[in-house]
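User: I would like to learn how to read the features of a protein model one at a time, beginning with the general idea and ending with the case at hand. Could we go through it together?

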Amino acid sequence: MRRCVVLLLFLLLPVLAHAASVQASLDRTRVQLGETVTLNLRVEGGGLAQAPDLSALAADFEVLGSSSNTSVSIVNGQRSAQFTLGIALRPRHVGQLAIPPLDFGGGRTQALTLTVTAPDPAVAANSGKPVFLEASAEPGHVRVGQQLLFTVRLYLAGTLSNGSLSEPQLPGVDARRLGDDLDYDVVRGGRAYHVIERRYALIPQQAGAIQLPAVTFQGELIDPADPDSFFAMGTPTSAASPPVTIQVDPVPPHWGSSAWLPARALSLTLDGLPADGKVRVGQPLDLAMTLQATGLPYEALPALSLPDLDGATVYPDKPVTGTRNDGHWLIGRRQQTFAVVPGRAGTLTLPAITLKWWNVETGQAEEARIPAHVLTVLPAAAGGSTPAAPAPAASTRAPSKAPASGAQPPPWRVAVFVVVALVLVAGALAAWWAWRRRARVDPATRIPSHRALRAAFLAAARGDDTATQSHALLAWARAERPGLANLGALADALASADQREAIDHLQRRRFATAGDTASPDLAAAFARGFQWRDGPPGEEPPLPPLYPFKLR
């Protein structure tokens with residue numbers, strides 16, 4: 001058995017050697033001349049990797065520096081590692097700048113394109129100020145239920161001692177944070193600024209002109225040229241972004257009773273159909289229907305179903321839902337699996353399935369469609385379902401002879417006995433080997449229990465390390481809600497205002513140099529566990545709403 005295992009490992013070595021996945025991405029795809037952009041190179045499933053040769057970028061970019069990060073996660077007992085190398089680049093000129101494929105981590109990245117525009121004259125008025133805010137909405141003209149990208153940029157000409165940036169308060173608008181803050185440097189009016197960029201997905205729920213109020217900043221800034229800055233005596237400063245107005249149009253009057261789905265892209269697929277188009281009576285056919293939309297959260301997507309099928313029974317499974325983002329747009333996904341069991345031989349027709357949606361890019365209605373499929377249903381396989389042949393009549397049955405006491409059993413009985421014995425021995429060896437493997441598992445790789453995660457958070461809450469507190473709180477929450485992406489998603493899922501306020505203070509203390517003296521007791525806020533909103537995320541409501549958005 002051990003020789004077989006060693007041989008199997010040698011056979012898997014070529015596969016493991018190529019298990020790492022390499023990819024490249026830019027934190028922004030459009031910048032102004034004078035701004036910096038970060039090129040992120042990631043290795044999935046691999047270890048540390050050396051920096052690639054960047055000489056091909058010298059003509060279009062100035063390389064300012066690099067940083068690296070390694071993360072390890074264990075999900076359902078599966079360990080995964082990711083190594084990220086971030087390279088700060090400053091474009092040298094305006095235009096469409098190409099980043100060619102780079103050899104990195106044993107693989108080759110894909111080519112990327114960066115759009116560099118001339119500096120915006122409208123922002124020149126802010127040049128010279130030590131701190132100022134900008135806000136923009138893209139696009140500025142949308143329809144009800146359509147996502148727009150709201151971006152806030154904080155410009156700092158010194159070192160930030162402490163500070164806080166207000167969240168947009170938008171009645172009638174669903175606001176969601178998109179990822180983590182971006183940090184980069186720009187030059188405006190000959191002065192260098194450090195920029196903190198924060199993005200939100202805004203989804204208006206009613207038509208009309210909506211004014212997005214100003215976002216405010218309060219903090220203390222240390223000026224390097226100030227002699228008092230040696231004693232860390234910051235100067236109180238504040239800033240506010242200009243208000244932004246967006247125009248929201250209602251649903252087109254000719255839309256009808258279909259669910260209103262304004263998206264940038266939408267796909268509807270059905271997987272699991274047999275390649276030869278054949279199934280058998282009583283044999284389940286597992287189908288998976290997937291609906292994915294860019295620019296919509298999963299809550300706005302309609303429930304998926306199969307119609308009643310003539311000659312088959314449909315058993316739906318629990319749906320799988322979730323919303324992620326690419327840094328700019330929400331991507332909602334809903335998947336529903338079905339077990340289709342044919343009841344009779346012949347043909348089984350799966351009718352076409354269509355879904356009407358509104359393409360916000362073209363401003364026109366479109367239709368996602370799964371074409372009809374006709375399957376051939378074969379009779380049930382021979383075996384346990386085939387009736388036994390009737391015994392012959394008594395008048396034609398030949399008299400049987402009793403075997404002699406010393407007669408040997410037939411050869412086929414001996415063969416069956418040997419095969420059964422070998423199967424039992426092989427099963428016992430496999431069970432023993434599995435037990436040995438479980439016994440050798442490193443306790444450090446075992447998934448912590450819910451009680452252990454809670455204890456780890458409460459221990460971290462008594463300290464001052466905000467990063468450890470954030471990670472421990474999110475790990476404990478994911479034990480109850482695995483779909484939570486970050487602390488912002490956790491706060492949205494909580495019903496307790498005290499717990500949401502505790503998370504808000506935690507994030508403020510984490511991303512500022514000085515702590516917030518008025519922060520609530522983090523351990524006390526979660527001492528009795530999480531106070532979730534009604535119904536865990538991802539579950540189907542008892543009756544889906546007829547209209548995902550308010551139409552008036």
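Analyst: Leu89 is buried, because its relative accessible area is 0%, and buried means under 20% relative accessible area, exposed over 50%, and partly exposed in between, with a 1.4 Å probe and protein chains only. This is a predicted model, in which local features need pLDDT of at least 70 and side-chain atom pairs count only at pLDDT 80 or more, whereas totals for chains, interfaces and linings use all residues. Residues are numbered from 1 along each chain as its sequence is written, and side-chain values use heavy atoms, with hydrogens and water left out.

User: Where is Leu89 found, and which residues does Leu89 touch?

Analyst: Helices (H or I, at least four residues) and strands (E, at least two) are DSSP runs, numbered from the N terminus; Leu89 is in strand E5, residues 78–91. Contact means heavy atoms within 4.5 Å, and, leaving aside residues up to four places away in sequence, Leu89 touches Glu35, Thr36, Val37, Leu39, Leu57, Phe61, Glu62, Val63 and Ile99. Thr36 is 53 residues from Leu89 in sequence, yet their C-alpha atoms are 5.5 Å apart.

User: Is Asn162 buried, exposed or partly exposed, and why?

Analyst: Asn162 counts as partly exposed because its relative accessibility is 23%. Asn162 belongs to strand E13, residues 159–165, and its C-alpha atom is separated by 8.5 Å from that of Gln218, 56 residues apart along the chain.

User: How many helices and strands does the chain have, and what part of its residues is buried?

Analyst: The secondary structure comes to seven helices and 31 strands, and buried residues make up 35% of the 552 residues. Among contacts between residues at least 6 apart in sequence, 69% join residues at least 24 apart.

User: What span should helix H6 have, and which of its residues are buried?

Analyst: The expected span of a helix is 1.5 Å times one less than its number of residues. For the 14 residues of H6 (497–510) this should be 20 Å, and the end C-alpha atoms are 20 Å apart, which agrees. In H6, Gln499, Ala502, Ile503, His505, Leu506 and Arg509 are buried. They cover an arc of only 165° around the axis, which puts them on the same side of H6, the arc being that of the directions from the helix axis to the C-beta atoms. The buried residues of H6 pack against helix H4 (466–480), helix H5 (487–493) and helix H7 (522–525).

User: What does the same reading give for H3?

Analyst: The twelve residues of H3 (450–461) should span 16 Å, and the end C-alpha atoms are 17 Å apart, which agrees. Leu453, Phe457, Leu458, Ala460 and Ala461 are the buried residues of H3. They cover an arc of only 160° around the axis, which puts them on the same side of H3. The buried residues of H3 pack against H4 and H7.

User: Which peptide bond is cis, and where does Pro139 lie?

Analyst: Most peptide bonds are trans. The bond from Glu138 to Pro139 is cis, with omega near -10°, and Pro139 lies in the loop between strand E10 (131–138) and strand E11 (141–143).
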